[in-house]
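Have a look at the structure first, then run through the notes below.

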Amino acid sequence: MQRYAVIGNPVGHSRSPFIHRHFAAQTGIALEYERIQAAEDSFADTVRGFFAQGGRGLNVTVPFKEAAWRLAENHLSARARLAGAVNTLWMEDGQLHGCNTDGVGLVGDIRRLGVELRQRRVLLLGAGGAARGVLAPLLEAGCARLHVANRNPLRATELCTHMARELPRHAATLSAGALGALDARDGQWDAVINATSSSLGAAGLALPDGLYAPGALAYDMMYGALPTAFLQQARGQGAALLADGLGMLVGQAAASFAIWHGAEPGVDATLAALRQELHRAAASA
Ligand code: NDP
């Protein structure tokens, strides 16, 4: 049986096994998909051991995406190279390869929601690993403007400087600043994407009123059985369409699955099943 896994620390919460088993049932591919918790100092050995024992592919989650990038440094996809982080590993001709599918997952989910990014003004909140992974795919989707706002503004500036250097044709589209300096006078945004981990707390972010243009999308990369703190706040501040990151999660998994198996699974049925599973788990907790 082909073996796959998600590796992280912690990893017990990961929905990847559910998603990949659902894809496997959909496409008729026989596979095993497990969770592997690696200690911080043994990530590289754990990865090597997995592939040495015949493992076929790994998804990588917090806190190892940058370490995975370094491990696969000689065989990175363009997306992974730009992101500086890897969430998908596999062996090809005896060499470890890496890709980052987070951005494809996000952009695909926004399209699935019926929202056009071309020529739109997008506000990205956060400058951590998740923001790094989605920045280039958002630019490639044709945004008219993309502003990155972070609690620590230096991180936002560094990220945008790096991306402008790598993708000079998009440099004029990009800007960076402090989360605390956001002002409705900067203009209204067609999409506000939360890539901070602030929704882990109940309070959400201190965002000013007036950020959302008519018809705007509020998207939180975090997800749960209930609307996140960011989405509750966005509803109160006039966002027209609210979405959490469950569709992004399934979308990035579908892109990993396609890399490993050469077969593109449908996202909708798996997303519906996962949403149901989240509600079931919350009700029985
Ligand atoms: P990181 O730890 O790399 O970055 C965290 C980011 O959140 C930083 O920008 C940090 O700002 C900011 N932040 C944290 N707490 C606060 C706060 N209280 N107020 C304002 N800003 C805050 O995490 P990731 O980038 O890996 O993940 C971010 C989120 O995205 C998580 O919720 C994660 O679950 C989600 N995610 C979802 C995915 C999906 O498929 N749906 C995929 C990947 C991530 P600062 O730099 O100032 O510290």
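A residue counts as buried under 20% relative accessible area, as exposed over 50%, and as partly exposed in between, with a 1.4 Å probe and protein chains only. Bear in mind that this is a predicted model, where local features need pLDDT of at least 70, side-chain atom pairs count only at pLDDT 80 or more, and totals for chains, interfaces and linings use all residues. Numbering starts from 1 along each chain as its sequence is written, and side-chain values use heavy atoms, leaving out hydrogens and water. Helices (H or I, at least four residues) and strands (E, at least two) are DSSP runs, numbered from the N terminus.

**Helix α6 and its neighbour α5**

- On α6 (residues 129-140), the buried residues are A131, G133, V134, L135, A136, P137, L138 and L139.
- Helix α5 (residues 102-112) packs against α6 at an angle of about 55°, and their axes are 7 Å apart; axes are lines fitted to C-alpha atoms, for helices over the stretch in contact, and angles run from 0 to 180 degrees between N-to-C directions.
- That makes α5 oblique to α6, given that under 35 degrees is roughly parallel, over 145 roughly antiparallel, 65 to 115 roughly perpendicular and the rest oblique.
- D102, G103, V104, L106 and V107 of α5 meet G133, V134, P137 and L138 of α6, where contact means heavy atoms within 4.5 Å.
- Past the end of α6 comes G142, with a positive phi near 95°.

**The five-stranded sheet**

- The open sheet runs β2-β1-β3-β4-β5 with mixed pairing; strands pair if DSSP finds at least two bridges between them.
- β2 (31-37) and β5 (95-99) are the edge strands, each with a single partner, so one side of each has no neighbour in the sheet.
- From one strand to the next, the twist averages 25°.
- Strand β1 (residues 2-8) pairs with β2 in the parallel sense over seven bridges, and R3 sits opposite E32 in β2.
- Helix α1 (residues 16-27) packs on the sheet, touching β1, β2 and β3 (57-60), with its direction at about 170° to that of β2.
- Helix α9 (residues 246-261) also packs on the sheet, touching β1, β2, β3, β4 (88-92) and β5, and its direction makes about 5° with that of β4.

**Helix α8**

- A229, F230, L231, Q233 and A234 are the buried residues of α8 (residues 229-236).
- Their cover includes β6 (121-125), β9 (189-194), β10 (212-220) and β11 (241-244).
- Just after α8, G238 has a positive phi of about 100°.
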